[in-house]
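Hello,

Here is the structure I promised to pass on. Please open it, and then read the notes below with it on screen.

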Amino acid sequence: MATSKSKQPVDTNTEEKIRKAARVVFHKKGFAATRTRDIAEEANINLALLNYYFRSKEKLFELIMLETIATFLQNMGTIFNDENTTLAKKIELVAEKYIDQLIAEPEMPIFVMSEVRSNGGKILEKLPVVNSVMQSAFIKQYKQAVANGEIAVANPLHFVMNIMGLVVFPFVNSPLIKKAGKVSDAQFTQLMKERKKLVPVWIQAMLKAG
């Protein structure tokens, strides 16, 4: 008597290969311009196999989007909630970790910004770290520093916006910076490494000057 075929077991290596390929392609092209065939080619697998593991481009994109934003925010959440580091040290660590992350994945900020603007509401609702920032140890330290007269800028959101701008903006505009400054990719990376020391100095000066 014939037996029914069991479902093919999930190959975690193939699944991870697809996820890595999707991350590369989505980061470069965004959702609209990406075809599932592009991801299959990047992963060096056939399209049928990709469709077996991930039934639609939409589901795969949501997974990659959540992973990307979570990774982008995770460093900040970890640093902000460490009660054993000073406010000054947190500023240094945020600059250092984010610049290192963006050197490794320079396409990430444009991808995150464009896709969040397009359909960020539903995605951000699934990331509790977004809501935890304002209840973090960093915010408590920041408010105490304001009360002590050590910081003149009362609203901590200005800090968040300033440091993200100083860290992310050069990567978003790297083609213009490289062209205008006549710098190579290697020279640009060196400039970004230098900013790991410079950004905390600028932030501290801005907070005190407010």
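The charged end of Lys178 sits over the ring of Phe188, 5.1 Å from the ring centre. Lys57 does likewise with Phe31: its charged end lies over that ring, 4.1 Å from the centre. A charge sits over a ring here if NZ of Lys or CZ of Arg is within 6 Å of the ring centre and within 35 degrees of the ring normal.

Some ground rules before the rest. This is a predicted model, in which local features need pLDDT of at least 70 and side-chain atom pairs count only at pLDDT 80 or more, while totals for chains, interfaces and linings use all residues. Residues are numbered from 1 along each chain as its sequence is written, and side-chain values use heavy atoms, with hydrogens and water left out.

Overall picture

The chain has 11 helices and zero strands. Helices (H or I, at least four residues) and strands (E, at least two) are DSSP runs, numbered from the N terminus. Of the 210 residues in the chain, 37% are buried. Buried means under 20% relative accessible area, exposed means over 50%, and partly exposed is in between (1.4 Å probe, protein chains only). The accessible surface of the chain is about 12500 Å², and carbon and sulfur atoms hold 55% of that. These areas come from the Shrake-Rupley method with a 1.4 Å probe; for residues, only the protein chains shown count as cover. Among contacts in the chain with a separation of 6 or more, 71% join residues 24 or more positions apart. Contact means heavy atoms within 4.5 Å.

Aromatic pairs

How many aromatic pairs does a search of the whole structure find? It finds nine. Rings of Phe, Tyr and Trp (its six-membered ring) pair if their centres lie within 6.5 Å; planes under 30 degrees apart count as stacked, over 60 as edge-to-face and the rest as tilted. Phe26 and Phe61 have ring centres 5.0 Å apart and planes at 80°, so they are edge-to-face. Phe26 is in helix H1 (residues 12-33) and Phe61 is in helix H4, so this pair ties together parts 35 residues apart in sequence. Both Phe26 and Phe61 are buried. Tyr52 and Tyr53 also form an edge-to-face pair, because their ring centres are 5.2 Å apart and their planes stand at 85°. Tyr52 is partly exposed, at 21% relative accessibility. Tyr53 is buried, at 13%.

Ring pairs also link Phe26, Phe31, Phe61 and Phe111 into a cluster. Phe61 has a relative accessibility of 12%. Leaving aside neighbours within four places in sequence, Phe61 contacts Phe26, Phe31, Phe111 and Glu115. The C-alpha atoms of Phe61 and Thr34 are 9.7 Å apart, though 27 residues separate the two along the chain.

Helix H1

Look at the bend. H1 has a kink of about 80°, centred on His27. The bend at a residue is the angle between axes fitted to the seven residues ending there and the seven starting there. H1 has 22 residues, yet its end C-alpha atoms are only 27 Å apart, short of the 32 Å that a straight helix would reach at 1.5 Å a residue. The expected span is 1.5 Å times one less than the number of residues. His27 is itself one of the buried residues of H1. Thr14, also in H1, is buried, with a relative accessible area of 13%. Beyond four places in sequence, Thr14 touches Leu49 and Tyr53.

Other helices

Ile79 lies in helix H4 (residues 57-80). Is Ile79 buried or exposed? Ile79 is buried, with a relative accessible area of 8%. The C-alpha atoms of Ile79 and Glu92, 13 residues apart along the chain, are separated by 10.0 Å.

Gln101 lies in helix H5 (residues 87-104). Gln101 counts as buried, at 10% relative accessibility. Outside four places in sequence, Gln101 touches Thr71, Phe72, Asn75 and Met108.

In helix H8 (residues 137-147), the buried residues are Ala137, Phe138, Ile139, Tyr142 and Ala145. Gly149 follows H8, and its phi is positive, near 80°.

Best wishes
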